[in-house]
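Colleague: I would like to learn how to read a structure with you. Could we go through a few features one by one?

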Amino acid sequence: MKSQINTNFSRRNFLKTSVLASGGMLIGFNFLTACKAEAKMPVDIASLNFNDFNAFIKISDEGYVTIFSPNPEIGQGVKTSMPMIIAEELDVEWDKVNVAQAPLDTKKYSRQVAGGSQSIRQGWEALRQTGATAKQMLINAAAVKWNVDASTCTASKGVITNVNGDTLGYGDVVKEAAGLEVPENVKLKDVKDFTIIGKDVINVDIDKIITGKPLFGLDYKSEGMVYASVVRPPSFGKKLKSFDATKAKQVNGVLDVIRFGEKLKAIEKQASGFTRITDKVAVIATNTWAAMKGKKALIIEWEDEKLESTQDHDKNLTDILDGKNFNTRREDGNVKKAFASADKVIERTYHSPFLPHNCMEPMNFYADVTADKIHLVGPTQTPQWAAGLIAAAYKVKPEQINIEMTRMGGGFGRRLYNDFLLEATEVSSVIKKPVKVVFSREDDMTAGTYRPAIKYRIKAALKDGKVTGYHLKEAAINSNMYGLIPNFFPAGCIPNYKVDTGNYKSNITTGAWRAPYTNFLAFAEQSFFSELAQELNIDHTDLILELLQNVKGTSDKRIQYSGQRMEDTIKLVKQKANWGNASNGVYQGFAAYYSHNTHVAEVAEVVLKDGYPIIKKVTAVVDCGILVNPTGAKNQVEGGVLDGIGHAMYSDFSFKDGKPDFKNFDKYRLIRMQETPKVDVHFVQNDKKPTGLGEPGLPPAGGAIANAIHAALGKRLYSQPFVNELKKSSVLG
Amino acid sequence: MPNYTLHINGQEKSVTADADTPLLWILRDELNMVGTKFGCGIAQCGACTVHIDGVATKSCQMQVSILDDVKITTIEGLSDDGKHPVQEAWKEIDVPQCGYCQSGQIMTASAFLAENKNPTTEEIREAMHGNICRCASYNRIEKAVKIAAEKLS
């Protein structure tokens, strides 16, 4: 086909192009999920009528490519891996690619969220199509220049070649390409031809990170900006009565002390998930230190409402497990009958505490609310949700809201909730100045959206050496496991199977925390299966592999995981970890878990030092389909495993009369260097569509170490953090 | 408020601040040097680590009033071009995930290696124990310190 200069309007409506006055070509498209740091867009997007798009590729006259990625970067690596997918299909050398963050498109709220390890999985096809379409347009433009058929031309590494051996760089044809019709049905590369995907690509922000350049929300500043430290109730269940700011106002640098909360309370009526909605007090100052000092000098009176303690939660959750008030989430066969006819019934109960997220960058946000515009800058995982709430509460049009996203110093689910962003917005609207709200670590840890405390009770029926019945009950605070989880392993593997959930409404705010529910459920389940294997006198891995045979080829569309892929993952981890052949004094524990579309199996190794279990090594095998960026992928799994170990071993969080017992890292324990084992990560090689990695490495870790500790000490662990249980049994003096 | 002169990254900086203001907030809010991070405010996480006369020090606990006679180095001044062996090692093996704690990790590692040119794994693990990485990139931090030690020797 000979390409014709035609319209620049896309019939497919997924991609649009324009010539830039400054030179080069701009391609707009939908990235699915959509953000900005220091880079400026090359043109005013609105003037190009590009509002249907949230991501852009700029190709300069010199052939350099800038990908404006809208994806929230919380440390999971998508700011690097998603542009890699575009560059692969565009067929341009990675060293000619620059990645910058694009601003939030507030006119169309397409999916703009980092969460659930879904960015890569959902973006894969669209990103490939985008890159391949842009490449085809460049080829078509060259074909027009040469007056040859485009199908006789090829492109590779940013250079287009025709049958005569003539070449044109991408930069040579951008002007012409921008004017062409957007082609349909472009050809995608064969996986075997990938030159960027599958290669180690270093984090695109690495130079800024290692030299301390401004990058994070806390680093952002604007002319005339002031700082605010917000006082929230010291206990869940308290409300603001009155305050005396006399002393606070005497602190050098303190400008004002205000009461606010009208908008926050209005928003709470429409959306849940916020922390302690009551009026709050903000100390406004010329610098962060003065704002924090001013806060300490405030005298505040609170009113008590309902104050809850950890023992109340514990009792309420136990009452749920002992009671009959459940929501049945899945039921197969006849569980009652299976238990009635069992040779043996085993029942165990597992308990986890609340957990704060503790992102290293404390919550913060910048807001500048003026008569005609709301300008927000900072770290949030859900910008479009925030924009919607603000548009409604402040009665402004979406296009009057401009949210710029910064790189985030961790997310783990905490930055989904936007309480910090809404506080900054309201403070700015009251004081009529640009303001940065900064949480202290104490604020961050005590005003959380915690992982809820949960108890699982699991019961299994054993008959003739087989697991014939399985009944899982979940008792949780505020909400229960999401809908897919009842269809994870061992659903489909055990004929009589039931999952029941019940919950208790608390005034302590809870929310998603890295690998919600499965971060604890995987430990409970895989510890339980280790016990069943012991009872049946077979190897834990053999029991799981045997059960998986029952789900292969299932016609049950609800089943989420693949029996075959899980089997392959487990077999590979057995080989890589030399399962069952550990050297003297090394004790192994196994766990496998599917979550977030990814299959993971782990073997932990423990040694004893003066009777104390030391975790030396974890071997992890992951099936996440095609590996986009191996170095980034390994980093996610290494971190996920260590994070899972750290929280299972050490992290505790409790309440007394509504007040958290932990508020900073002096008492609250996160895993540190000397407690970390080596994590040895391997991937199952296949050509399947890539799936997410931010979360799935974490869930099996707790189970693997609990089973290894059992192998070492003969002690089963039922409650997190494990250090508390080990202390109780005087293993740890 | 009193005036102080600080020696930071080879330059003299003059600031006006309350005597009890931590160096961390002087750097971040007054001098616009935001590479030094706020993490806990109680010297437990290491995100705010700087060098004071070459010693890794948590800047959240150092009051501005006692710093007039010392030389302060921050991540911005560790090297002119990001080519300090520790920075290079960090890049070589792609250490960061979210990246927030990493300037503190790099400052701790570089001060440690200046004192101990040929450290054992256990010495590295001990030296880095005071710096929390919430993403738990610890395996790579350990390895990067080893690589940096080789580069330095």
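Modeller: Gladly! Let's begin with the contact between the chains, remembering that this is a predicted model. The size of an interface is often given as the accessible area lost when the parts come together. Here we can count residues instead: chain A brings 49 residues to the contact and chain B brings 46.

Colleague: Which elements of chain B give two or more residues to the side that touches chain A?

Modeller: They are helices H1 (23-30), H2 (85-92), H3 (102-115), H4 (121-127) and H5 (138-152) of chain B. H5(B) gives the most, with 4 residues. Sorted by class, this side of chain B has 21 nonpolar, 15 polar and 10 charged residues.

Colleague: Which domains does chain B have?

Modeller: The domain assignment gives domain 1 (3-77) and domain 2 (85-152). Over C-alpha atoms, the centres of these two domains of chain B are 21 Å apart. In the contact between them, 15 residues of domain 1 of chain B meet 13 residues of domain 2 of chain B. On the domain 1 side, strands S3 (49-52) and S4 (55-58) of chain B each supply at least two residues, and S3(B) gives the most, with 3 residues. That side of domain 1 divides into 7 nonpolar, 7 polar and 1 charged.

Colleague: Now a strand, please. Where do the side chains of strand S18 of chain A point?

Modeller: First the general idea: in a regular strand the side chains alternate between the two faces of the sheet. In S18(A), residues 401-405, Ile401(A), Ile403(A) and Met405(A) point to one face and are buried.

Colleague: In which sense do strand S17 of chain A and S18(A) pair?

Modeller: S17(A), residues 374-378, pairs with S18(A) in the parallel sense, over 5 bridges. One such bridge joins Gly378(A) to Met405(A). Between the two strands the chain passes through helix H9 (residues 383-393) of chain A, and this β-α-β crossover is right-handed.

Colleague: Let me try a single residue. Why does Glu361(A) count as buried?

Modeller: Glu361(A) counts as buried because it has 30 C-beta neighbours inside 10 Å, and the cut-off is 20 or more. Glu361(A) sits in the loop between strands S15 (344-352) and S16 (364-369) of chain A.

Colleague: What does Glu361(A) touch, beyond residues up to four places away in sequence?

Modeller: Its contacts include Phe216(A), Pro379(A) and Met408(A), and also Tyr100(B) from the other chain. For a sense of folding, compare sequence with space: Glu361(A) and Asp444(A) are 83 residues apart in sequence, with 9.5 Å between their C-alpha atoms.

Key
Residues numbered from 1 in each chain as written. Chains lettered and ligands numbered in written order. Predicted model: local features only at pLDDT ≥ 70, side-chain atom pairs only at ≥ 80, totals over all residues. Buried ≥ 20, exposed ≤ 12 C-beta atoms within 10 Å, placed from the backbone. Contact = placed C-beta atoms within 7 Å. Nonpolar A, V, L, I, M, F, W, Y, C, P; charged D, E, K, R; others polar. Pairing = 2+ DSSP bridges. Right-handed = clockwise from strand over helix to strand, strands pointing away. Domains from an automatic or database assignment.
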